[in-house]
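Please read them beside the coordinates.

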Amino acid sequence: MDETNNEKKVMISITNLYKSYGEKKVLKGLNLKVYEGELFGFIGRNGIGKSTTIDCMIGAKKYDSGEIIINGFDILKEPLEAKASFGYVASEPTCYEVMSGYDYLEFIASIYNISETNFKNNYKYLANRLYLNEADLFLPISNYSHGMKQKLCLIASLLYNPDIWILDEPTVGLDIMAVESLKKMMKEYASHNHCVFVTSHNIDLMAKICDRVAIINDGVVVQLLDLNKDPNKRLQLPRIFMNIFGG
């Protein structure tokens, strides 16, 4: 199914990925490739291995065997180079709550050596896109709602314009306006020679925005659908998903 992408740069490559927790085998030889310019969806039921796959991709968890290449860098052998290639947003927003939003973003900018001018331009632009009031950035993060924390993490993940944007359930807790803007941002980001890798329980959303979708079950990718090549699959995706999981 990847033939049409042969000329495109591979941004994420996962080969024969295995991961167990004690006796429980979660990933059982998972394979996938994600390409430059692609908005790629990764879906499956709860507890099926989506977040484990992402944790392995970003270097948060060690896997038993296999290979993960991020933007040409092996996540195990070249972790700093690989991690410098992506922005990541977890399913639960995680940030230093003793800081203000601004201080947290400034801290992230310092890690990536972003100039003061670029930092200010970027955070203001992103806050505006995600409907986060700039005045709220000077409040303690501990005062933020879940949705505000999620917006802050989304802004932080894009401050340094990474090649790859990895999002685990990014719309949870966001208001409708922010969700609509985030959908546009994901499409725009992928179209500018980046790639977006996203998981969501909202199958209708994934059907609308993604170029391709992988469905994971029992530790492997069981369906890989090219929604651009076969637009009918956009309408059929909820049914395909339910058929796989016996709904």
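1. Is F119 buried or exposed? F119 is buried, at a relative accessible area of 1%; buried means under 20% relative accessible area, exposed over 50% and partly exposed in between, with a 1.4 Å probe and protein chains only.

2. The model is predicted, so local features need pLDDT of at least 70 and side-chain atom pairs count only at pLDDT 80 or more, while totals for chains, interfaces and linings use all residues. Residues are numbered from 1 along each chain as its sequence is written, and side-chain values use heavy atoms, without hydrogens and water.

3. The whole structure holds eleven aromatic pairs (rings of Phe, Tyr and Trp, the last by its six-membered ring, with centres within 6.5 Å; planes under 30 degrees apart are stacked, over 60 edge-to-face, the rest tilted). Y102 and F138 are stacked, because their ring centres are 5.0 Å apart and their planes at 20°. Y102 sits in helix α3 and F138 in the loop between α4 and α5, so this pair ties together parts 36 residues apart in sequence. Helices here are DSSP runs of H or I with at least four residues, and strands are runs of E with at least two, numbered from the N terminus.

4. Y102 is also buried, at 12% relative accessibility. F119 and Y123 make a tilted pair, with 5.1 Å between centres and 40° between planes. They are four residues apart in helix α4, about one helical turn. Y123 is buried at 3%. Y102, F119, Y123 and F138 form one aromatic cluster.
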